[in-house]
Amino acid sequence: MTISTTTSLATLRIERRGPAAWIWMARPAVHNAFDETLIAELTDTLRQLDADPAVRAIVLAGEGRSFSAGADLNWMRRQGEASVEDNLADARRLAGLFRTLSTCVTPTLARVQGAALGGGMGLAAACDLCVAAERAVFATSEVRFGIIPSAISPYVIRAIGERQACRYFQTAERIPAARARELGLVHEVTTDDGLDTQVEALIEALLTGGPQAQAAATELIRAVASRPITDALVEDTARRIATLRATDEAREGLAAFLDKRPAAWTLPSSPDSGA
């Protein structure tokens, strides 16, 4: 039996569905736009969930019509009137949110049902996986406000590449879901009704993998991406697989395969586990 528990904060709703934790941005009246509170609560929630071994996947979603419309205009207005020092501190907190999301050991998945603009697109790019409804739309719209998509740039450029970023960072064009998939930002596009089904299917796929191996795979990608294939890199990859082969998780995975049974980590959690 799947146990579901819900915790509500000022700007978030956290829902536990078995081994998956769903974080819902809960400001639908303003299209889940960022403000100081959402940034702080989301950063702290991600850290807590990522440190919980019972959480095998983290889904980031938005209540209402939009995933996230980016920065709250009232928050932006306040920052426009603040000192340079206050602006820098605020920008560091925002940049820290994206870095926290991007460096989670636990697999992260963005569920995008509507607008994902500015920082909202950054959240989608910072997640490991992204599923979008057909009506979803993305944009780096910052230049229209006289600013730049600075905090989100490492993650968006990683997702769509430098050449495409040259276009979209400057034009602020809206990017439909199908085009976002072509660019590499989105992994799957589905109907509105099929969005949660596709998210759940990816969660089920994630649960078949060993959690230590998944964390090591993410670390491997970060270590290898965009690096030249040198003797040092080849040696590093050899050491990584040799180290992992000697772990209890790897031995269990091989034994399960040979015994034609599910590995221990794929077994459902008991109601008493708190998952």
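User: Is E182 buried or exposed?
Analyst: Heads-up: this is a predicted model, in which local features need pLDDT of at least 70, side-chain atom pairs count only at pLDDT 80 or more, and totals for chains, interfaces and linings use all residues. Residues are numbered from 1 along each chain as its sequence is written, and side-chain values use heavy atoms, with hydrogens and water left out. Buried means under 20% relative accessible area, exposed means over 50%, and partly exposed is in between (1.4 Å probe, protein chains only). With a relative accessibility of 61%, E182 counts as exposed.

User: Which residue forms a salt bridge with E182?
Analyst: A salt bridge here is a side-chain nitrogen of Lys or Arg within 4 Å of a carboxyl oxygen of Asp or Glu. The closest N and O atoms of this pair are 3.1 Å apart. Both residues sit in helix α7 (residues 177-183), three residues apart, so about one helical turn separates them; helices (H or I, at least four residues) and strands (E, at least two) are DSSP runs, numbered from the N terminus. The partner is R179.

User: How far apart in sequence are the parts that E200 and R17 tie together?
Analyst: E200 and R17 form a salt bridge, with their closest N and O atoms 3.3 Å apart. E200 belongs to helix α8 (residues 195-207) and R17 to strand β2, so the parts joined by this pair are separated in sequence by 183 residues.

User: Which residues make up the salt-bridge network with E200 and R17?
Analyst: E200 is partly exposed at 29% relative accessibility, and R17 is partly exposed too, at 23%. The linked set is R13, E15, R17, E63 and E200.

User: Which residue in β3 stands opposite E15?
Analyst: Strand β2 (residues 12-17) pairs with β3 in the antiparallel sense over six bridges; pairing needs at least two DSSP bridges between the strands. The two form a hairpin with two residues between them, and G18 in the turn has a positive phi of about 60°. Across from E15 is W22.

User: Is D72 buried or exposed?
Analyst: D72 meets R27 in a salt bridge, 3.3 Å from N to O. R27 is in the loop between β3 and α1, while D72 is in the loop between β4 (57-62) and α2 (73-80), so the pair ties together parts 45 residues apart in sequence. R27 counts as buried at 18% relative accessibility. With 7%, D72 also counts as buried.

User: What is the phi of N32?
Analyst: N32 is in the loop between β3 (20-25) and α1 (36-50). At 0% relative accessibility, N32 counts as buried. Its phi is positive, in a residue other than glycine, and is near 55°.

User: And what is the phi of S226?
Analyst: S226 lies in the loop between α9 (211-224) and α10 (231-245). At 82% relative accessibility, it counts as exposed. S226 isn't a glycine, yet its phi is positive, at about 65°.

User: Which residues does A263 contact, leaving aside its neighbours within four places in sequence?
Analyst: A263 comes in the segment after α11 (248-259), and its relative accessible area of 8% makes it buried. Contact means heavy atoms within 4.5 Å. With those sequence neighbours set aside, A263 touches E252 and A256.
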